[in-house]
Amino acid sequence: MEIWHNPSCSKCATARATLDEARVPYRLRAYLTEPPTAAEVIEVLRRLDARAWDICRTGEPAAATLGMADWPRDDDTEPRWIAAMVAHPELIQRPILLLDDGSALVARTPEALDEAVRRTDR
């Protein structure tokens, strides 16, 4: 699996520790220094069965600067949300686990991490 992570994020550290303890192999992607393309964000959204605003950290300073709190959440504006996350990757929720089975999880809870371990072929 691949983990989109921020090395200074405590939730990312918990995800790595949980996967290490379960001996689940993973690749790290420090998405702040290796930002995803729009196509990659779209693929992650497909894998999560989510919309762009579902994985956007709207409490970040960049979101406030962009005025994202007032952005519509509809089909017509979703490309704008994706473009903002590509331009400002700190807006992307973390950690995101891209499982080898083609699915993905936002692994911010123990339950999501347990699910990731359960769904991993080891």
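Me: Which residues of helix 1 are buried?
Reply: In this predicted model, Cys 12, Ala 15, Arg 16 and Leu 19 of helix 1 are buried. Buried means under 20% relative accessible area, exposed over 50%, and partly exposed in between, with a 1.4 Å probe and protein chains only. Helices (H or I, at least four residues) and strands (E, at least two) are DSSP runs numbered from the N terminus.

Me: Where do they sit around the helix axis?
Reply: The buried residues of helix 1 fall within an arc of 95 degrees seen down its axis, so they line one face. The arc is taken from the directions from the helix axis to the C-beta atoms.

Me: What is on the face turned away?
Reply: That face carries the exposed residues Ser 10 and Glu 21.

Me: And what covers the buried side?
Reply: The cover includes strand 1 (2-5), strand 2 (27-30), strand 3 and helix 5 (110-118), where contact means heavy atoms within 4.5 Å.

Me: Changing topic, how many residues are in the largest nonpolar core?
Reply: This core has 24 residues, and Met 68, Met 85 and Leu 91 have the most contacts inside it. A nonpolar core is a set of buried Ala, Val, Leu, Ile, Met, Phe, Trp, Tyr and Cys residues joined through side-chain atoms within 4.5 Å.

Me: Which elements supply it?
Reply: Helix 2 (38-48), helix 3 (61-66), helix 4 (78-87) and strand 3 (96-98) each supply at least two residues of this core. Another core, of 13 residues, lies apart from it and includes Met 1 and Leu 105.

Me: How are residues numbered and counted?
Reply: Residues are numbered from 1 along each chain as its sequence is written. Local features need pLDDT of at least 70, side-chain atom pairs count only at pLDDT 80 or more, totals for chains, interfaces and linings use all residues, and side-chain values use heavy atoms, leaving out hydrogens and water.
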